[in-house]
Amino acid sequence: MQILEGLNLEQEKAVKHYKGPLLILAGAGSGKTKVLTHRIAYLISEHHVNPWNILALTFTNKAAEEMRERVNRIVGQDANDIWVSTFHSACVKILRRHIDVLGYTRSFTIYDADDQKSLMRDILKYLQLDPKNWKERAVLGAISSAKDELIGPEQYELQAQGNYTKETYARCYQEYEKRLHDSNALDFDDLICKTIQLLKENEDILNYYQNRFRFILVDEYQDTNTAQFHLIRLLAHAQDEDGSVIHNLCVVGDDDQSIYKFRGANIHNILNFENQYPETKIIKLEENYRSTQNILDAANAVIKNNSTRMNKSLWCQNPKGDPIYFTQFQTEYEEAGSIADAISTVVSAGIASYKDFAILYRTNAQSRVLEEKLVLRNIPYRIVGSVNFYQRKEIKDLLAYLRTIENGMDDISVKRIINIPKRGIGLTTIDRITNYALTHGTSFYGALESYEYIDGIGRSASKIASFVSLIDSLKRHMENPEYRLEDLLREIIEETGYVRLLKEENTDQANSRIENIGELLSKIVSYEENCENEPTLSGFLEEVALVADMDNTDENNDIVLLMTLHSAKGLEFPYIYLVGMEDGIFPGYTALHSDNPEELEEERRLCYVGITRAMKKLSLSCAYSRFRNGEQQFNRHSQFIDEIPRYLLKQNGTAGASVSFHEQDTAASLSGGTYATRHSGKPARFSSGQKGAEPNGYRKTNGSGKTLLKDHPMISKGFGKKLTAEPASIDYTVGDRVKHARFGEGTVTGMKEVGSDFQVSVTFDNQMNRKMMASFAKLKKI
DNA sequence: CTCAAGAGCCTTTTT
DNA sequence: GGCTCTTGAG
């Protein structure tokens, strides 16, 4: 039978398991996704479980997509009825149906970290707490942890008694909850908590979902927090045919890869799973199909220094492979340069392609030097994470307009855009409106609507009136079923003059913002086209709120990926560079000096995750000296290096495939980016005056030699009165070579008419594929 | 009300 | 070193 083909004994056991709780301890690279997908397939075709009775939960959209795709391949059409989704989007789906019983409306807004921060800033001001002593971040952190543990404001207050700090947090928490509710908004934690509340308080709804989700599977179980654990526990409670309660719950996880404790993940969920469900069957997957024996030996050696873990040890039938490479460089520039060289050499030798490489680091800040060196050598790359597309200012601004239209009670969004672009509505006016709203028990937008009754509004009155009429007219347009989301967004851009103003700025930054706006338009168009159900504004906003940057990791692009160790979880690459292996960097300073040994253990797990990403070759590196926060630091090599047995390490040797991994770049990195062919054997001498030796202008070249196409005919005609691009002025077509200000040269592979504009697909010479709106992309035929 | 210079910040963050 | 928020002068 096909479903069981190619599975090892343990995997097969896991796939065949039918009813009752199942805990699968799956080491890195042991084929857990395979087990999950095959298990779903097996349930459907062998046990004749209805697809709609299956719920599979993941943490990322990417994992969810991958799972759905793979299940699709095995079981075909039926797979569409399975709920495969992230915790958060599953909860949103449930909440969109039932949230009115909790006193919200179905068009609720989801607040992201930025919105939470603005909201908390307002609250601290309102409670007259000195911002010097009370930081939004800290308060929000406390609230988030409380929510993760399902502690509400009242309970928090009780627990806070006697502790002034906590008592203050409690007051903030209370106000925060009130304002979220008044704004008809939920934060990310709420998505889980409110779902739990909904299920707990409404037995009929709970029963419905319990019987609907007769089989539940959870991926990355080690990362669940207490709230998520409770959610799962509530749901996994179906009635069996004989009327008895049965927990058809299958969780897959690896305690050694638990790296989100700082975010509330509760490792006890996995460690105590069998206590929670005594009838649990445990299956361990320890055979690794990803890496060489040497890489696994290194990983095992490191992780065995942790005390609290379930006993598990990876093995494989793969050859020993290369040793683990370890190099200590003088500076981080040298480190980055050598890696770039190594990648370049391996790729031009035809041994591997760019997409086979990933460079991993502990903190986002470390990416810049690497980026510089890659740009210098024309290596295509992408930084994953750091700045999410939807977190960019221009995107958030436009989304705030959309959110205002969808949910007028969303004060944070209204306040965000009330004076963007500048309308001459200043702080004092905003304060007066805020006060009016507070004293009259209305929303901020509600107060705007009755601006004539607000004292001291004076000159701003007319400006407010025109803002309100703008929003009202947009809202009215939305009532027309012919009016598409794309039209709405275009009208917002046009009416506010957002793009026009950016165009006037005509700086690099403004132009890249214009481009991002074009991308947002593309996204809204593709949402309308690809949406399974009727496309709606709230649907779009929801989709946008629940995607992370990670999800855009396109495997078709042949580029090197740069990311943090956290982002790398779940991925694999033939060649891994693990940089900054220094005490103080990795393990990080705080963990290194903490009284709590668990923090160091979490760093070690992170190291384990990093090592086990590598399939063929793993290169570790560190630098004697490194700039951090503007000052020079000297770090010893990481203690994790010492934990790898000597015989596995090849020090200062070669990295990548037979490529010299040192020195030759020093000259280049210190001579202002001119790529000197000096490859003197001189060791890079370190002097403390080196800070001065790093030419100041050096960084500036990082703009990657942008030539801005200021006078593109498209743009000069484009935005003034009409936003509509004139197709006639597009002088290129499919097959033409074009040049883009940022991405360089490429070939047009597709053109699609979208409204009065064109969506152009381009494959750039570095193999990057991009879709962009013609009126925004400023492509020039060459 | 707006702009431009100064102060303060700085792990990791699947949603 | 670079980004964001605050503060003070016009």
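Six strands form an open sheet with parallel pairing, in the order 3-2-6-9-1-10. Strand 3 (83–86) and strand 10 (281–285) lie at the edges, and each has a single partner strand, so one side of each lacks a neighbour in the sheet. On average, neighbouring strands of this sheet are turned by 15° against each other, direction ignored. The model is a predicted one. Strands of a sheet pair through backbone hydrogen bonds, either parallel or antiparallel.

Leu55 has Trp83 of strand 3 as its bridge partner. Ser85 also belongs to strand 3. With a relative accessibility of 6%, Ser85 counts as buried, because the cut-off for burial is under 20%. Residues up to four places away in sequence aside, Ser85 touches Ala56, Leu57, Thr58, Ala64 and Ala90. Ser85 and Met67 are 18 residues apart in sequence; their C-alpha atoms are 9.2 Å apart in space.

Chain A as a whole has 33 helices and 25 strands. Of its 782 residues, 56% are buried. Among contacts in chain A with a separation of 6 or more, 74% join residues 24 or more positions apart.

Helix 25 (residues 537–545) meets helix 17 (residues 393–406), with axes that come within 10 Å and cross at roughly 135°. That angle makes helix 17 oblique to helix 25. The crossing of the two helices is left-handed. Helix 17 contributes Leu399, Leu402, Arg403, Ile405 and Glu406 to the contact, and helix 25 contributes Leu537, Ser538, Phe540, Leu541 and Val544. By class, this contact has seven nonpolar, one polar and two charged residues. An α-helix has 3.6 residues a turn, so residues three or four places apart point the same way.

Helix 25 is mostly covered, with seven of its nine residues buried. The buried residues are Leu537, Ser538, Gly539, Phe540, Leu541, Glu542 and Val544. Helix 17 is one of the elements they pack against. The others are helix 4 (87–98), strand 4 (109–111), helix 21 (460–479), helix 22 (485–496) and helix 24 (508–530).

Leu485 lies in helix 22. Its relative accessible area is 5%, and Leu485 is therefore buried. Leaving out residues up to four places away in sequence, Leu485 touches Met478, Ile524, Tyr527, Glu528, Thr536, Leu537 and Phe540. Two of these contacts, Leu537 and Phe540, are among the buried residues of helix 25. Leu485 and Tyr527 are 42 residues apart in sequence, with a C-alpha to C-alpha separation of 9.3 Å.

Asp410 is found in the loop between helix 17 and helix 18 (411–417). Asp410 is buried, with a relative accessible area of 0%. Neighbours within four places in sequence aside, Asp410 is in contact with Thr109, Tyr111, Ser183 and Arg403. Arg403 also takes part in the contact of helix 17 with helix 25.

Strand 21 (residues 737–740) and strand 25 (residues 780–781) run antiparallel and are joined by two bridges. Lys739 stands opposite Lys780 in strand 25. In a regular strand the side chains alternate between the two faces of the sheet. Val738 and His740 form the covered face of strand 21, while Arg737 and Lys739 form the uncovered one.

Several backbone features concern loops. Most residues other than glycine have a negative phi, and most peptide bonds are trans. The peptide bond from Ile420 to Pro421 is cis, with omega near -10°. Pro421 sits in the loop between helix 18 and helix 19 (427–439). Phe586 and Pro587 are likewise joined by a cis peptide bond, with omega about 5°. Pro587 is in the loop between strand 15 (573–578) and helix 27 (589–592).

Gln128 is not a glycine, yet has a positive phi of about 55°. The loop between helix 5 (113–126) and helix 6 (136–148) holds Gln128. Its relative accessibility of 72% makes Gln128 exposed. Asn184, also not a glycine, has a positive phi of about 55°. Asn184 lies in the loop between helix 8 (164–182) and strand 5 (185–187). At 2% relative accessibility, Asn184 counts as buried.

Note on methods:
Residues numbered from 1 in each chain as written. Chains lettered and ligands numbered in written order. Predicted model: local features only at pLDDT ≥ 70, side-chain atom pairs only at ≥ 80, totals over all residues. Heavy atoms only, no water. Axes fitted to C-alpha atoms, helices over the stretch in contact; angles between N-to-C directions. Helix = DSSP H or I, 4+ residues; strand = E, 2+ residues; numbered from the N terminus. Parallel < 35°, antiparallel > 145°, perpendicular 65-115°, else oblique. Left-handed = near helix turned anticlockwise from the far one by under 90°. Contact = heavy atoms within 4.5 Å. Nonpolar A, V, L, I, M, F, W, Y, C, P; charged D, E, K, R; others polar. Buried < 20%, exposed > 50% of the residue type's maximum accessible area, 1.4 Å probe, protein only. Pairing = 2+ DSSP bridges.
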